[in-house]
Amino acid sequence: MAVTNSSFWLKNKYKLSGLILLLPLLFLYQSLTPTFPPAWQAQQLGEFSIAPLPLNLNAPYVHHDDYVKDFMLVFEKGEIANIRQGYANIGTQALPIADLQRSENGILHGNKHGQHVHAIASEKLTSADSLWISIENWQGEWQVGKWPLPADILVQ
């Protein structure tokens with residue numbers, strides 16, 4: 001004998017299952033088409049011309065016991081192979097090299113198309129802060145650049 005009183009679940013379980021199977025496609029589309037804030041004005045640091053690109057406008061987050069903010073550094077001029085080491089921090093002044101070398105945060109890493117960095121920052125960003133990029137070449141010469149933080153990154 002057939003069951004005559006069917007519920008909402010029995011009538012629609014296949015439709016709901018199909019909808020759940022489509023949700024990963026939405027997440028895949030979102031991950032393949034990311035949106036980033038615009039890149040900042042490029043500056044010359046020795047042989048390099050660098051344009052920082054924040055990956056988002058969110059507040060700094062904790063990464064390996066430090067507050068950091070993620071950036072992609074686009075090298076418009078200069079050979080990345082000429083960089084011995086590079087660091088980034090956000091603050092009122094560039095951090096001393098000894099402070100930058102105490103952890104893996106703040107180190108430039110990536111490939112010839114761009115360098116990624118977890119710039120060391122404080123918990124809250126203020127208008128007095130700037131992005132500082134310090135680069136050493138293979139001759140031991142240091143270049144330090146400063147970018148003031150735009151207002152849209154300060155809104156938290």
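Aspartate 65 is placed in the loop between strand 3 and strand 4. In this predicted model, aspartate 65 has a positive phi of about 70 degrees, although it is not a glycine. The residue counts as exposed because its relative accessibility is 76%, and exposed means over 50%. Histidine 64 lies in the loop between strand 3 (61-63) and strand 4 (66-77). Histidine 64 is not a glycine either, yet its phi is positive, at about 55 degrees. Most residues other than glycine have a negative phi.

A positive phi also occurs in the hairpin of strand 8 and strand 9. Four residues lie between these two strands. Glycine 140, in the turn, has a positive phi of about 85 degrees. Strand 8 and strand 9 (residues 142-148) run antiparallel and are joined by seven bridges. Within this pairing, isoleucine 133 stands opposite glycine 145 in strand 9.

Leucine 131 belongs to strand 8 (residues 130-137). Its relative accessible area is 0%, so leucine 131 is buried. Residues up to four places away in sequence aside, leucine 131 touches Trp40, Pro52, Phe71, Ala88, Asn89, Ile90, Ala119, Gly145, Lys146, Trp147 and Leu149. For leucine 149, the separation from leucine 131 is 18 residues along the chain. The C-alpha atoms of this pair are separated by 6.7 Å.

Isoleucine 50 is found in strand 2 (residues 48-54). Isoleucine 50 counts as buried because its relative accessibility is 0%. Not counting residues up to four places away in sequence, its contacts are Gln41, Ala42, Gln43, Leu45, Leu73, Val74, Phe75, Ile133, Ile135 and Trp147. Leucine 73 is 23 residues from isoleucine 50 in sequence. In space, the two are 6.4 Å apart, C-alpha to C-alpha. In a regular strand, side chains alternate between the two faces of the sheet.

Helix 1 presents another setting. Leucine 10 lies in this helix (residues 8-32). Leucine 10 counts as partly exposed because its relative accessibility is 45%; that value falls between the buried limit of 20% and the exposed limit of 50%. Leucine 10 is one of the residues of a nonpolar surface patch. Phe8, Trp9, Leu16 and Leu19 complete the patch with Leu10. Together, the patch residues have about 540 Å² of accessible area.

The secondary structure of the protein comprises three helices and nine strands. Along the sequence, these elements follow the pattern α-β-β-β-β-β-α-β-β-β-β-α. The radius of gyration is 23 Å, well over the 15 Å that the globule rule gives for 156 residues, so the protein is more spread out than a compact globule. Along the principal axes, the C-alpha atoms fill a box of roughly 90 × 30 × 30 Å.

Of its 156 residues, 35% count as buried. Among contacts with a separation of 6 or more, 61% are between residues 24 or more positions apart. The protein exposes about 10000 Å². Carbon and sulfur atoms supply 59% of that area.

Notes:
Residues numbered from 1 in each chain as written. Predicted model: local features only at pLDDT ≥ 70, side-chain atom pairs only at ≥ 80, totals over all residues. Heavy atoms only, no water. Patch = residues over 30% accessible without salt bridge, like charges linked within 9 Å, V, L, I, M, F, W, Y side chains within 5 Å. Areas by Shrake-Rupley, 256 points an atom, 1.4 Å probe, with all protein chains shown as cover. Salt bridge = Lys/Arg side-chain N within 4 Å of Asp/Glu carboxyl O. Buried < 20%, exposed > 50% of the residue type's maximum accessible area, 1.4 Å probe, protein only. Rg over C-alpha atoms; globule rule 2.2 N^0.38 Å. Contact = heavy atoms within 4.5 Å. Pairing = 2+ DSSP bridges.
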